[in-house]
Amino acid sequence: MKLDAKRLKAFILDAELLTKEQFGKVEKIARTDNQKVEDVLVSHSFISPDDLARLKAYILGIPFISLEQAIIPADVLEVIPEPIARANNIVAFRKDKKNLEVAMIDPDDLQTIEFIKKKSDLRILPRLTSPEGIKAVLAQYRKTLKAEFRDMIKKDAGGVKMISPRKEFGDKEGQNLKKVAEELPVIRIVDTLLRHAVLDRASDVHIEPTEKEVLVRYRIDGILHDAMTLPKQVAPGIVARIKVLSNLKLDEHRLPQDGRFKFKSDNDKYSVRVSVLPVLTGEKVVMRLLAEGAKGHSLEELGLNGDALEHIYSAIKRPTGMILVTGPTGCGKTTTLYSILEILNTPEINICTVEDPIEYRIPRVNQTQVFPKIGLTFSSGLRSLLRQDPDIMMVGEIRDTETASLAVNAALTGHLVLSTLHTNDAAGAIPRLIDMKIEPFLIASTLNVILAQLLVRRLCDSKEEYTPTEAVIKSLSKQCDYQRFIRALKEDKIIKPKQEISDINFYHPKKSKSCLEGYWGRSGIFEVLPITESIRKLIDEGVFSEKIKNQAVKEGMRTMVEDGLVKAALGVTTVEEVLRVVME
């Protein structure tokens, strides 16, 4: 059953999935990094994990099973104990009186198959699946968060000592809080909150004390959901535990504190940003989870296409100037910058960044973490980067006049500078820079392109189609230029030249067991403003952002609403979701 590298190579070349040159590159990376060829194929995006699993199944003559959307009966799932399933990446998914079908990633794991055979007293029928399929089934082992906490609190939480930060002060209080933070019940509670946050794909965990209880909420796909309520008595212990992990002051309850720590869930590592804020009823904690092993996306995968994509590619080909990505907090600006850096990252280029935080590591890119406590800010970091002989610089965020001035001067002196700003649309970046005391003529001469973005929730495959009524069409015409929207639909060949909006279909979310709210993940909607000669003249004249936006629209810029509604017509998202994020 073993699949050796030679056999895999022969099949891939015969099937023309890769050229000899491409496979040679794979083999060179495998030798250099001491990795398996199949691991390099996936990690460097030559082949997707799902396609590799199907390929291995075909070559070995083992059936392939897709489990991403499968719901496994509890009695079947529990035939293989969870620790065995997680440790060996093997799950049971179907059984009858004589046979048990198991899905696995490694077909050579005969020892585990033999163990399951003895334990279940059934004939084992092995199947291959993808890592994502195994992950989806492993998630079904867990109890619900409420059920797990109900059991835990019955057993443990009564042993958590109540500490009142309002009454106990000094060293004694700090010692007591540290002792509570190191007790097993509190450790279990915090670990469980983080583990379930990962399983639920949460980006943020909110722990909010109220008068009678502690409310836990998860932000999933940009929306906050109530996850759990805990007894009030555990609040000091939870906050103390998180402070210990983040190396924060245990006995400080009057001032906000920020920190970070790392944790591991299964095989994935996460960096957690922590913010502790004093409120009337105690201390509120917000934890942002960032996957350290996250991979960059292509600009197309993020949702950019057509002319907007061409403008971005044109801007990043220039050796100097500024590229700005704008939008509110949490809209994916840094992810977009990382995707651009992945395109620019070649051996002959020196790329340096200063970030807060470093969300994931990029090979060959020199990444610096901001550390204000010791004086390493965006402005001081950027000043140091200029002495590192960079070709391209990425500044996580332009927050003040000094950083803005340094970034503009860097762009003027032969560097390509990428950064972000907090504005609602693309044209709004220009008055924002002027507010930071940057002269209009400098903005006009350095800016290459401005990209504004927001995130909308993606529809699951089980969406419901509908034809828009006259009321829906009338409502849409109030939100955007109706004729421009029709033109955009025709440009993208969503409707034929003589068709109207009534001839297309939009979609509603449809809930299912595998997609509880009808949405899964998020996609970007964009507004890309290239700095043309006419736009430069307007900037020089110091006109308002509205005039700049109108001129860009005349020159063909698609607005955020229009881009979102086109994606709604394509079935990526819904009209309601586009209007929700645009109007917020």
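These notebook entries record what I looked up in a predicted model.

**Entry 1. Helix packing**

I began with helix 1 (residues 5-14) and helix 4 (residues 49-60), whose axes come within 11 Å and cross at roughly 105°. Helix 1 and helix 4 are therefore roughly perpendicular to each other. I then listed the residues that make this contact: helix 1 contributes Arg-7, Leu-8, Phe-11 and Ile-12, and helix 4 contributes Leu-52, Leu-55, Tyr-58, Ile-59 and Leu-60. By class, I noted 8 nonpolar residues, no polar residues and 1 charged residue in the contact of helix 1 with helix 4.

**Entry 2. Nonpolar cores**

Which residues have the most contacts inside the largest nonpolar core? I found Met-322, Leu-324, Ile-450, Phe-506 and Leu-529, in a core of 66 residues. Another core, of 31 residues, lies apart from the largest one and includes Ala-202, Ile-207, Val-239 and Leu-248. As background, I recall that nonpolar side chains tend to be buried together in soluble globular proteins.

**Entry 3. Salt bridges**

How many salt bridges does a search of the whole structure find? The search finds 23. I examined several of these individually.

In the pair of Lys-243 and Glu-283, the closest N and O atoms are 2.9 Å apart. Lys-243 sits in helix 12 (residues 235-246) and Glu-283 in strand 9 (residues 282-291), so that the pair links distant parts of the chain, 40 residues apart. I checked the burial of this pair, and both Lys-243 and Glu-283 are buried.

Asp-492 forms a salt bridge with Arg-558, with 3.0 Å between the closest N and O atoms. Asp-492 lies in the loop between helix 21 (482-491) and strand 17 (506-508), and Arg-558 in the loop between helix 23 (545-554) and helix 24 (560-569), so the pair ties together parts that are 66 residues apart in sequence. I recorded Asp-492 as partly exposed, because its relative accessibility is 31%. Arg-558, at 19% relative accessibility, counts as buried, because the cut-off for buried is under 20%.

The side chains of Glu-577 and Arg-580 meet in a salt bridge at 2.6 Å, N to O. Glu-577 and Arg-580 are 3 residues apart in helix 25 (residues 575-583) and are therefore separated by about one helical turn. Is Glu-577 buried or exposed? Glu-577 counts as buried, at 2% relative accessibility, whereas Arg-580 counts as partly exposed, at 24%.

I also noted a network in which salt bridges that share partners join Arg-260, Asp-356, Glu-397 and Arg-399.

**Entry 4. Pro-431**

I located Pro-431 in helix 18 (residues 429-435). Pro-431 counts as partly exposed, at 28% relative accessibility.

**Entry 5. Positive phi angles**

I looked up the backbone of Arg-364, which has a positive phi of about 70° although it is not a glycine. Arg-364 lies in the loop between strand 11 (351-355) and strand 12 (365-369).

Where does Lys-437 lie? I placed Lys-437 in the loop between helix 18 and helix 19 (440-446). Lys-437 has a positive phi of about 70° and is not a glycine. I recorded Lys-437 as exposed, with a relative accessible area of 66%.

Conventions:
Residues are numbered from 1 along each chain as its sequence is written. This is a predicted model: local features need pLDDT of at least 70, side-chain atom pairs count only at pLDDT 80 or more; totals for chains, interfaces and linings use all residues. Side-chain values use heavy atoms; hydrogens and water are left out. Axes are lines fitted to C-alpha atoms, for helices over the stretch in contact, and angles run from 0 to 180 degrees between N-to-C directions. Helices (H or I, at least four residues) and strands (E, at least two) are DSSP runs, numbered from the N terminus. Angles under 35 degrees count as roughly parallel, over 145 as roughly antiparallel, 65 to 115 as roughly perpendicular and the rest as oblique. Contact means heavy atoms within 4.5 Å. Ala, Val, Leu, Ile, Met, Phe, Trp, Tyr, Cys and Pro count as nonpolar, Asp, Glu, Lys and Arg as charged, and the others, Gly among them, as polar. A nonpolar core is a set of buried Ala, Val, Leu, Ile, Met, Phe, Trp, Tyr and Cys residues joined through side-chain atoms within 4.5 Å. Buried means under 20% relative accessible area, exposed over 50%, partly exposed in between (1.4 Å probe, protein chains only). A salt bridge is a side-chain nitrogen of Lys or Arg within 4 Å of a carboxyl oxygen of Asp or Glu.
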